[in-house]
Amino acid sequence: MSNAVDEWSTLFTAMVLQALPFLVLGVLLSAAVAVLVPLQVWRWILARRTVVAVPAAAMCGAVVPGCECTTVPIAGRLTERGVPFAAAMSFALASPALNPIVLLATAAAFAGQPSMVVARFVASFLTVLIVGAYLAALGVQPAPRRSTHDHDAEGSTPARVVAAARHDFTHTAGLVVLGAAVAATIRVALPDDLLERLGGSDVVAVLTMAVLAVVMALCSESDAFVAVSFVTFPPIAVLAFMVVGPIVDLRLLLMYRSTFGSRAAATIGALGFVGAIIAATVVGRVLL
Amino acid sequence: MLVLLGGAMIVVAATGDSLQYVREAMTLPLILAGAVVVMLGLAGLRGGGGHRHTPRSFALVGIAIAFLLVVRPGPLSVAAGVTYDPAVQSRVQQFFEIPREAVVGENASAADIEANALELHAGQLWYASQQLPDSFAGVAVRMLGQFDPNDGDPQLVRFRITCCAADALRLVTPLSGELDGLAEGDWIEVFGQWDGDTTTPGLDLASWHVVETPDHPYLTIRDA
């Protein structure tokens, strides 16, 4: 029992500590988005037709190295600035799932299996497009922020940046802590031999790995190294683990909920989970 | 609270405590991010008044502060439920050169082995057992890790992290030899020679010492 408590403490502390610097970076960037970049620029770049905006935003995300804790606050501010929700979300999902650092890490983890890197890229890109397209088609909108701050508009530019960053940080930091606590609890509670017991059929394996990705809530930069260690699982399930994780996990769901409201978060979560599994299965069948 | 959180991040990074949770490359980002959080906190205090509504969830940050400054959990231990196939070792295999003095011969004395040992980790041991089986016999090896009694098949455990302890891979090296008086999780430095196994290479022990928990408890991606 005391072992479990020790392990929980270490995992929890590690996940919080790992996330905080990236969250800080995210709220600074999102504050800059909110305050420094004039509205017209965003309108001009992204507020065009959604058919163009979703793939364009996904491409933008793919070249900008951002991790989950960084991009969700940015997407929140982008939406606030009038960028279509579907496009802002495509950017937020693509950046952690597709950026070059993640692909390099995947290549390093799967040395000698370049097809895994290609499969990850293609399947993740497909997932982002699926989620973006559905969000656009369904016309999903985030809940209006209860606290559209009057004081955001007051004072000097640096003061407004600080106020916006402070607002975003206090609204997400607690959720990062909660996400870490839940993920650590599930990690400790999972029986050791769960993987061996479930590693049987492809369907069960893919679903297991998808659920594991959600509960483990790893950063996209490091998940490939964990994925590669699941040697008893078929490659297609390992791929599913890496495609689902950056799109939807416990910590992300909490952040989606606080940034966009429960309904939008549930939609993104469901679309992301199902979309990622379908994309990983199809791409995995073809490429692996 | 923001000031406390930022302060805790700086303290944990500056004292090296953070190495028990995240990789060393995070030290500077932690200090910088901590400074930003302190600044955000101070700006809030100075601004004062107004309608400053922090959400209820922000109170959870207090728990994180308590863990960083008061609970200060230790690094992952062998009892951690992170279970992986021994084949994980093949993922961290790494090339290395065998210096001439480490080749002490298969009948070398314990003192000889200790004096000339080459420090390796489980990934390097795996590499050598696969790629250099002929030249690797008779090489004196030193390894560092935690003792795991493992129900009578004792082994040395070391974790390799990518970003943080949550993504740790468990690397194991079977140990053969007398290992009395050790408790699960004790940090030990072991000296010996490769046992000839190529699937899960282990060490035939010549000697071992209990050591303090090292400053860098985890191997990182740069090591392995």
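Here are legends for several close-up views of this predicted model.

Residues are numbered from 1 along each chain as its sequence is written, while chains are lettered from A and ligands numbered from 1 in the order in which they are written. Because this is a predicted model, local features need pLDDT of at least 70 and side-chain atom pairs count only at pLDDT 80 or more, totals for chains, interfaces and linings use all residues, and side-chain values use heavy atoms, with hydrogens and water left out.

**View 1. Chain B meets chain A.**
Here 56 residues from chain B come up against 45 residues from chain A, where contact means heavy atoms within 4.5 Å. Together the two chains bury about 4,300 Å², with 75% of it on carbon and sulfur atoms. Buried area is the accessible area (1.4 Å probe) that two parts lose on being put together, summed over both. As for polar contacts, the count between chain B and chain A is two residue pairs, both at pLDDT 80 or more. A polar contact is a pair of N or O atoms within 3.5 Å; within protein, one must be able to donate a hydrogen and the other to accept it, and residues adjacent in sequence count only if both atoms are side-chain atoms. Look for salt bridges across this interface and the rule finds zero; such a bridge needs a side-chain nitrogen of Lys or Arg within 4 Å of a carboxyl oxygen of Asp or Glu.

**View 2. The side of chain B that touches chain A.**
Three helices, α1 (2-14), α2 (27-47) and α3 (61-71) of chain B, each supply at least two residues to this side. The most comes from α2(B), with nine residues. Helices (H or I, at least four residues) and strands (E, at least two) are DSSP runs, numbered from the N terminus. Sorted by type, the residues on this side of chain B are 38 nonpolar, eleven polar and seven charged. In that sorting, Ala, Val, Leu, Ile, Met, Phe, Trp, Tyr, Cys and Pro count as nonpolar, Asp, Glu, Lys and Arg as charged, and the others, Gly among them, as polar.

T127(A) sits in helix α7 (residues 114-138) of chain A. With 0% relative accessibility, T127(A) is buried; buried means under 20% relative accessible area, exposed over 50%, partly exposed in between (1.4 Å probe, protein chains only). A polar atom of the T127(A) side chain lies 2.7 Å from the backbone oxygen of A123(A). Leaving out residues up to four places away in sequence, T127(A) touches V243(A), I247(A), G272(A), G275(A), A276(A) and A279(A).

**View 3. R77(A) and E80(A) in one helix.**
The side chains of R77(A) and E80(A) join in a salt bridge (3.0 Å, N to O). Both lie in helix α4 (residues 68-80) of chain A, three residues apart, about one turn of the helix. R77(A) is buried at 1% relative accessibility, whereas E80(A) is partly exposed at 36%.

**View 4. Salt bridges between strands of chain B.**
E119(B) pairs with R142(B) in a salt bridge, their closest N and O atoms 2.2 Å apart. E119(B) is in strand β1 (residues 118-119) and R142(B) in strand β2 (residues 141-148) of chain B, so the pair ties together parts 23 residues apart in sequence. Another salt bridge joins D148(B) and R170(B), with 3.4 Å between the closest N and O atoms. This pair links D148(B) in strand β2 to R170(B) in strand β4 (residues 169-176) of chain B, 22 residues apart.
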